[in-house]
Amino acid sequence: MKDTKNYGFGTKAIHAGQEPDPTTGAIMTPIYQTSTYTQASPGNHKGYAYARGKNPTRSALEKCIAELEGAKYGLCFSSGMGATDAVVKLLRPGDEVITGDDLYGGTFRMFTKVFANFGIKFLFIDMKDVNNIKKHITDKTKMIWLETPTNPTMQIIDIEACAKLAKEHNIICAVDNTFASPYLQNPLALGADIVMHSVTKYLGGHSDVIMGALCMSNDELYNQLAFIHNSCGATPGPMDSFLVLRGIKTLHIRMERHCSNGRKVAEFLKGHPKIDKLYWPGFPDSEGYSIAKKQMKDFGGMISFSLKGNSQEEAFKIASSMKVFSLAESLGGVESLINHPASMTHASIPKEERDKAGVVQSLLRLSVGIEDIDDLIADLKQALS
Ligand SMILES: *Cc1c(COP(=O)(O)O)cnc(C)c1O
């Protein structure tokens with residue numbers, strides 16, 4: 001296997017985990033569409049016995065994502081939620097998890113509606129101040145789960161400070177790195193133990209695959225998670241693995257454009273007479289700017305804003321009148337999307353909790369794509385007129 005560890009990010013994105021097929025020289029990793037593998041005699045196989053456990057197309061992708069995160073190990077799952085589910089299964093009844101008050105809606109739903117029934121306790125707190133996290137740690141706390149930038153209000157949580165606190169208390173620190181992608185932020189390098197991705201988003205990048213991933217460097221954590229991965233079985237198929245390997249080859253180029261388009265859209269929205277709050281971490285006066293500058297390479301293409309007067313009707317009208325932006329859930333694809341969190345991605349969170357976190361009825365979230373910026377600005381201009 002080619003050693004790509006010392007190459008730059010773009011070279012890794014294209015080559016890590018991949019080499020020409022030894023039988024034909026095919027430059028792209030083949031789609032090994034098989035459920036099982038023949039054995040010469042019982043137990044005598046080439047490292048592949050059954051495809052839930054291991055598939056060569058998936059192995060190439062796992063290696064590639066791990067290298068992009070600077071991790072020793074990668075595991076791919078059939079969805080981001082499948083990956084998160086595996087992490088929570090490291091815990092036991094009675095254990096406590098400290099997490100943020102502005103989380104991906106599906107994560108909140110899984111924590112409160114599924115795992116709370118198994119006796120695991122989740123505390124949803126403001127994580128922007130590390131001292132606030134510290135105050136909530138008890139001898140039962142086993143995990144800190146954080147997302148940064150958060151969805152949808154782009155709060156920035158200090159990964160290095162959280163990881164340090166977790167280490168002091170012998171707690172696992174897991175980071176949902178979906179919004180940043182490995183191009184913008186590498187939590188393991190900042191001290192975190194586990195990185196989670198909804199690969200569906202920037203890593204896949206083309207809105208054609210649902211997938212998740214975990215990365216880690218600790219041998220024991222890897223062994224536990226690999227055991228859960230195979231035992232519980234939320235593993236992705238080879239065709240999807242191929243599509244993501246292909247998508248990742250342009251991750252660095254796409255992210256550059258997401259970031260530059262994101263900045264121009266944020267600049268256009270800033271000070272627009274219809275807009276009340278604007279959430280994007282890249283202005284020097286944005287909340288969390290200094291931490292974002294420290295831990296991220298750039299500020300990304302995710303932007304949210306609320307409207308003066310907080311009218312849901314007006315927000316719906318804007319969302320429905322966009323022509324280049326499509327009204328849809330999800331994010332991170334090449335095409336620009338607009339989403340109304342309160343009724344779409346975050347509808348499973350009670351209104352009271354949503355309002356507290358700033359997810360008000362007029363809030364709209366943009367996933368700025370990589371189209372021509374002039375067309376994106378013109379579209380926003382007409383929708384906000
Ligand atoms: C989409 C998303 C998830 C869930 O991932 P799926 O691939 O949809 O299962 C988790 N966290 C964040 C931040 C997301 O945006």
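Colleague: Which residues come nearest to the ligand?

Modeller: This is a predicted model, in which local features need pLDDT of at least 70, side-chain atom pairs count only at pLDDT 80 or more, and totals for chains, interfaces and linings use all residues. Residues are numbered from 1 along each chain as its sequence is written, and side-chain values use heavy atoms, with hydrogens and water left out. A residue is near a molecule or strand if one of its heavy atoms lies within 4 Å of it. There are 14 residues around the ligand, and those that come nearest are Gly80, Asp176, Ser198, Thr200 and Lys201.

Colleague: At what distance does a polar side-chain atom of Thr200 lie from an oxygen atom of the ligand?

Modeller: A polar contact is a pair of N or O atoms within 3.5 Å; within protein, one must be able to donate a hydrogen and the other to accept it, and residues adjacent in sequence count only if both atoms are side-chain atoms. Gly80 places a backbone N or O atom 2.9 Å from a ligand oxygen, and Ser198 places a polar side-chain atom 2.8 Å from one. For the polar side-chain atom of Thr200, the distance to a ligand oxygen is 2.7 Å.

Colleague: How much of the area that the ligand exposes when taken alone does the protein bury?

Modeller: Accessible areas come from the Shrake-Rupley method with a 1.4 Å probe; for residues, only the protein chains shown count as cover. Taken alone, the ligand exposes 380 Å², and the part of this that the protein buries is 94%.

Colleague: Which elements give two or more residues to the shell around the ligand?

Modeller: Helices (H or I, at least four residues) and strands (E, at least two) are DSSP runs, numbered from the N terminus. The elements that give two or more residues to this shell are α3 (80–88) and β6 (194–198).

Colleague: Why is the pair of Phe111 and Trp145 edge-to-face?

Modeller: Rings of Phe, Tyr and Trp (its six-membered ring) pair if their centres lie within 6.5 Å; planes under 30 degrees apart count as stacked, over 60 as edge-to-face and the rest as tilted. By this rule there are 10 aromatic pairs. The centres of Phe111 and Trp145 are 6.0 Å apart and their planes stand at 90°, so the pair is edge-to-face.

Colleague: How many residues apart in sequence are the parts that this pair ties together?

Modeller: Phe111 counts as buried at 1% relative accessibility, and Trp145 does so at 0%. Phe111 lies in helix α4 (residues 105–114) and Trp145 in strand β4 (residues 141–147), so the pair ties together parts whose separation in sequence is 34 residues.

Colleague: Which backbone oxygen does the side chain of Asn55 reach?

Modeller: Asn55 lies in the loop between α1 (9–15) and α2 (56–68). Asn55 is buried, with a relative accessible area of 2%. At 2.9 Å, its side chain reaches the backbone oxygen of Tyr32.

Technical notes. Buried means under 20% relative accessible area, exposed over 50%, partly exposed in between (1.4 Å probe, protein chains only).
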